[in-house]
Amino acid sequence: MKLIASLLLLFSMALLSAQTGASDLQSLRIAVAQNPVDATARINLAYQLMLTGNNSEALSHYETLLIQNNRNIPAMEGVLWALQTQGLYQESVDRAKAFLALSPATGSLHSYKAYGLSRLGLHLAARSAYSKAKRLSDDDSVQQSTKLGLAWEYLYLQDYASAKTQLSKLESRTDPHAGELLHDTELKIAVGAGTNYADLTSGNLNLAIRKAAFSAEANYDELMLDGARFRRSFGISAMWQNPVANLKVDSSILLGKDKRVYPANSYGMSLQPVFYLDKLQVKPSLSGHYGTYQRLDAQQADLGFELRSDRLSGSYSFSLLYLDKDSIDSDEREQVHSFSLGVKAYKQAWLKAYLMSGNTAWWTSPYGLVYDAFEANSSIYGLSLYSPIGKKMGFLLYSQIGTQNNETDISTALTLSYSI
Amino acid sequence: MSKTNLILILILCISGLLGAASIQESYLAEARGDYQSALAITQELARQDADEVFYTMRMAWLRYLLGQYNEAATLYRQGLAKLDHPDAHLGIINCHLALGEWDQARSRADLQLKEEPRNPTLLSKAAYAVFMKKDYHTAAEYYARIVSFYPWDMDNRGYWVNNLYLSGNINEAKTQYQILKKYSPQSQIVIDYKGILDQE
């Protein structure tokens, strides 16, 4: 009996509290009905409706407020909030643009636009919008949310040094998940295979690890000639992303059957600052490589830059190569130009075209590939397609046509990656 | 009385009871803020009794509460066609105001004021419509009319002070401010205009 009485008491209390919440909403609804021009009452009603999950009804009230006064900033914010709560990110971005045409200096609207862009996978545009929001707003809560938003965008853009800087600016650990994502260890494994449709086949295994702004990679590559092991290489690299530039060092050992070349060693170092210009990411780079082979040494200096937006990317690299050969008076100087142009084909899938021009023998490409051969292509035309598969996997298909002395060869490689 | 007649009478009684329960359900749904269900029940009842102005007006009200102002206005007009009632006119004015149709709201309020020139609700609706168009002078005139009919209405006297000030009629604003301050010292308008109008 005592139990039943307690249950009844609990039930009646729950009923009472539910009715109190509903009656608050009800009284706000009646206030709005009595005076449809009372913007404060309607804002309060819409806000309460949002808090109780009635997003579409709240949206209609925010829209009404804008009909009554198209410069009502809280109503604009409400429309964007309601649309984003319903997952209508593209619409929220379009509306944010229209609102910003009326009120371009409102930081909170830039912040809503940024969130919508981020959810659409347009992280450079989102970063730019968050930056504007941060610059324009002096409201503490908007400042906090834009700093957090910026941190997330840098994480998405894999600019961990900037993400770390933004996270350190947050007053409290507003979103521990962002910090965890930065500091948790990320592991990536990739396996690949390639063929030139004639005598050469290759296979490789790559392990990458990242924690905060530090990352390291280990790579194993095996080249087969007519089905027999011809050359294998072991490589390691380490990178430190710091607020000034990304500093990377790498080293590899090449072992193989050609006694004129192997065993060989290769070393490299690169410095790559990262800049942002509105919706663009700019990465100039300076790097050097040194290779010691049995009958020659290769010294290489590169100057390059990468330019990227959310939908397009481009890069150019110029390499000066000096081949110090054992034979007297046979040293060579070469120049290699490397271009790439990428376009986002669908969602996060990228299609890229490559052009490499110059004598590529003993050249280390901007992608870390060493052309360890006496005879190599003078022009290379490549095409690649990268696409994620789900959230953790990805594939890269690369195909190229190389030309040398009026002869052409075709090769293709496929790489599958998995992130842990 | 035959057995069949008894059964028929019983069925009629039950259906009558069910009908009464349905409008009650609509009221209950409205009371708990479930306007969508309240409307659905009323629509069902209106289908059975298409000429009934009560259902038309109730559907208009529920649409209005749901923020569906164009639909509500259409229903209020349908209600007017059945019965020319001030509530329907007021409903249409409210819909115009909600939709930011300030000119239509004012002209309909003015039209209705010819019938009820002392109606404070209609006067305040017209005042709102012109206020939203930033025509503070005309808004002050509407509030002056309300205050002349209801001198103890301090809320509307406060709006009058506000519109007098915004329209540049500072002397009259100061005069009305002093009256407002005397009888309603806690009025928000008194607080807001303290440093501006509370001077000799």
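Analyst: Contact here means heavy atoms within 4.5 Å. This is a predicted model, in which local features need pLDDT of at least 70, side-chain atom pairs count only at pLDDT 80 or more, and totals for chains, interfaces and linings use all residues. Residues are numbered from 1 along each chain as its sequence is written, chains are lettered from A and ligands numbered from 1 in the order in which they are written, and side-chain values use heavy atoms, with hydrogens and water left out.

User: In chain B, what share of the contacts with a separation of 6 or more comes from residues 24 or more positions apart?

Analyst: Chain B has twelve helices and zero strands, where helices (H or I, at least four residues) and strands (E, at least two) are DSSP runs numbered from the N terminus. Among contacts in chain B with a separation of 6 or more, residues 24 or more positions apart account for 41%.

User: How much of chain B is buried?

Analyst: Buried means under 20% relative accessible area, exposed over 50%, and partly exposed in between, with a 1.4 Å probe and protein chains only. Chain B has 200 residues, and the buried share of them is 42%.

User: Which residues of helix α2 of chain B are buried, and what arc do they cover?

Analyst: Helix α2 spans residues 35-48 of chain B, and its 14 residues reach 20 Å from first C-alpha to last, close to the 20 Å expected at 1.5 Å a residue; the expected span is 1.5 Å times one less than the number of residues. The buried residues of α2(B) are B:Y35, B:A38, B:L39, B:I41, B:T42, B:L45 and B:A46. They lie on the same side of α2(B) because the arc they cover around the axis is only 165°, the arc being that of the directions from the helix axis to the C-beta atoms.

User: Which parts of chain A does the pair of A:F214 and A:W240 tie together?

Analyst: Rings of Phe, Tyr and Trp (its six-membered ring) pair if their centres lie within 6.5 Å; planes under 30 degrees apart count as stacked, over 60 as edge-to-face and the rest as tilted. The structure holds 18 aromatic pairs over all chains. A:F214 and A:W240 are stacked, at 6.1 Å centre to centre and 5° between the planes. A:F214 lies in strand β3 and A:W240 in strand β4, so the pair ties together parts that are 26 residues apart in sequence.

User: Are A:F214 and A:W240 buried, exposed or partly exposed?

Analyst: A:F214 has a relative accessibility of 49%, and A:W240 has 41%. At those values A:F214 counts as partly exposed, and A:W240 likewise counts as partly exposed.

User: Which charged end sits over the ring of A:Y160?

Analyst: A charge sits over a ring if NZ of Lys or CZ of Arg is within 6 Å of the ring centre and within 35 degrees of the ring normal. Over the ring of A:Y160, 3.7 Å from its centre, sits the charged end of A:R210.

User: Where is the residue A:D226, with its phi near 50°?

Analyst: Most residues other than glycine have a negative phi. A:D226 has a positive one and is exposed, with a relative accessible area of 63%. Its place is the loop between β3 and β4 of chain A.

User: Which peptide bond is cis, with omega near 0°?

Analyst: Most peptide bonds are trans. A:P263 is in the loop between β5 and β6 of chain A. The cis bond runs from A:Y262 to A:P263.
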